[in-house]
There are 2 protein chains.
Amino acid sequence: MEHDVFLRAALDEARQGLQEGGIPIGSVLVKDGRIIGRGRNRRVQQGDPMAHAEIDCLRQAGRVGRYEGTVLYSTLMPCYLCSGAVVQFRIPKVVVGESVNFAGAPHWLRAQGAQIVDLGDEACIGLMRGFIASNPRLWNEDIGV
Amino acid sequence: MEHDVFLRAALDEARQGLQEGGIPIGSVLVKDGRIIGRGRNRRVQQGDPMAHAEIDCLRQAGRVGRYEGTVLYSTLMPCYLCSGAVVQFRIPKVVVGESVNFAGAPHWLRAQGAQIVDLGDEACIGLMRGFIASNPRLWNEDIGV
């Protein structure tokens, strides 16, 4: 299944982030069946509160110009910061590993015209659940709580 | 007037961006009457489509943690990406130089609880108007049009 390959790539990014001491959320940007950007949450690694996984991924992808035909994958449902990027740059489709550990803003994204697919992936759920249980303060900082 | 000092600092950032060949939008983050972060749009300079002025400013401010008591200044009304940051991190107040050249999403920001002040500053309006007239494609790329 196509989703599996790209979600797995996002999950690889998340796991790499965890190994670096970071928050394990990963993201890839796909166009025409090809990964054109990949990133992970780097708040801890770079001391950058804007370096959410999806923002890091879109940064790595560079100046794509128009985002028609792109799909943004993330291991976790995007927050408002990352959802704002989706809305502003009209990324048409977002596929997420899960929304159990963070509900995000899928209703707002859909209302703004984005297609949202939630895969409910057990590996993504387990990775994030374990991280939050061990690092509640770091996680709360990441989402502004 | 307090706003003048900080808007002037944001405008200085915008002008520095223009000198670098970039898009002239600047931003500062203020807490307790002191600038704790400053930035400017660096899409061109860094090839980074996420480097909007407000995102660059919040990045430079580093891991502030909670944003209680902060005020985000920008020479231009924030787009959805930057508004998403305001909403997610609960930045309570946003002061903008103008919204003539870009309407942004002040209604959404207000609905989410942020206070928005629009100063209608002529220097900000003139700087951005001149830039857009000379660089329409670059500007459209910046806002995803």
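Hi everyone, and thanks for coming. Please keep in mind throughout that this is a predicted model.

Let me start with the overall build of chain A. There are 7 helices and 5 strands in chain A. If you trace the chain from the N terminus, the elements come in the order α-β-β-α-α-β-α-β-α-β-α-α. How does its radius of gyration sit against the globule rule? Chain A comes out at 14 Å, close to the 15 Å that the rule gives for 145 residues, so chain A is as compact as a globular protein of that length. Along the principal axes, its C-alpha atoms fill a box of roughly 40 × 30 × 25 Å. As for burial, 59% of the 145 residues of chain A count as buried. And if you take the contacts in chain A with a separation of 6 or more, 55% of them are between residues 24 or more positions apart.

Now to the charged side chains. Side chains of opposite charge can pair when their charged atoms come close. How many salt bridges are there over all chains? The count comes to 22.

Let's look at a pair in chain A. A:Arg40 and A:Glu20 form a salt bridge, with their closest N and O atoms 2.6 Å apart. A:Arg40 lies in strand β2 (residues 34–40) of chain A, and A:Glu20 sits in the loop between α1 (2–19) and β1 (26–31) of chain A, so this pair ties together parts that are 20 residues apart in sequence.

Over in chain B, please find B:Glu13. The side chain of B:Glu13 meets that of B:Arg38 in a salt bridge, at 2.9 Å from N to O. Because B:Glu13 belongs to helix α1 (residues 2–19) of chain B and B:Arg38 to strand β2 (residues 34–40) of chain B, the pair ties together parts 25 residues apart in sequence. B:Glu13 is buried, with a relative accessible area of 7%, whereas B:Arg38 is partly exposed at 35%.

B:Glu13 also forms a salt bridge with B:Arg40, with the closest N and O atoms 2.8 Å apart. Here helix α1 and strand β2 of chain B are linked across 27 residues. Both B:Glu13 and B:Arg40 are buried. Back in chain A, salt bridges that share partners join A:Glu13, A:Glu20, A:Arg38 and A:Arg40 into one network.

My last topic is the cavities. The structure holds 3 cavities of 30 Å³ or more.

Of its 13 lining residues, A:Ile25, A:His52, A:Glu54, A:Met77 and A:Cys79 lie nearest the centre. Two or more lining residues come from each of α3 (53–61) and α7 (136–142) of chain A. This lining divides into 10 nonpolar, 1 polar and 2 charged residues.

Definitions and conventions: Residues are numbered from 1 along each chain as its sequence is written. Chains are lettered from A and ligands numbered from 1 in the order in which they are written. This is a predicted model: local features need pLDDT of at least 70, side-chain atom pairs count only at pLDDT 80 or more; totals for chains, interfaces and linings use all residues. Side-chain values use heavy atoms; hydrogens and water are left out. A salt bridge is a side-chain nitrogen of Lys or Arg within 4 Å of a carboxyl oxygen of Asp or Glu. Helices (H or I, at least four residues) and strands (E, at least two) are DSSP runs, numbered from the N terminus. Buried means under 20% relative accessible area, exposed over 50%, partly exposed in between (1.4 Å probe, protein chains only). On a 1 Å grid over the protein atoms alone, a cavity is a set of points where a 1.4 Å probe fits but cannot get out, and a pocket is an open set with protein on both sides within 12 Å along at least five of seven lines; lining residues have an atom within 4 Å of a point. Grid points are joined across faces, edges and corners, and a volume is the space filled by probe spheres set on the points. Ala, Val, Leu, Ile, Met, Phe, Trp, Tyr, Cys and Pro count as nonpolar, Asp, Glu, Lys and Arg as charged, and the others, Gly among them, as polar. The radius of gyration is taken over C-alpha atoms; the globule rule is 2.2 Å times the number of residues to the power 0.38. Contact means heavy atoms within 4.5 Å.
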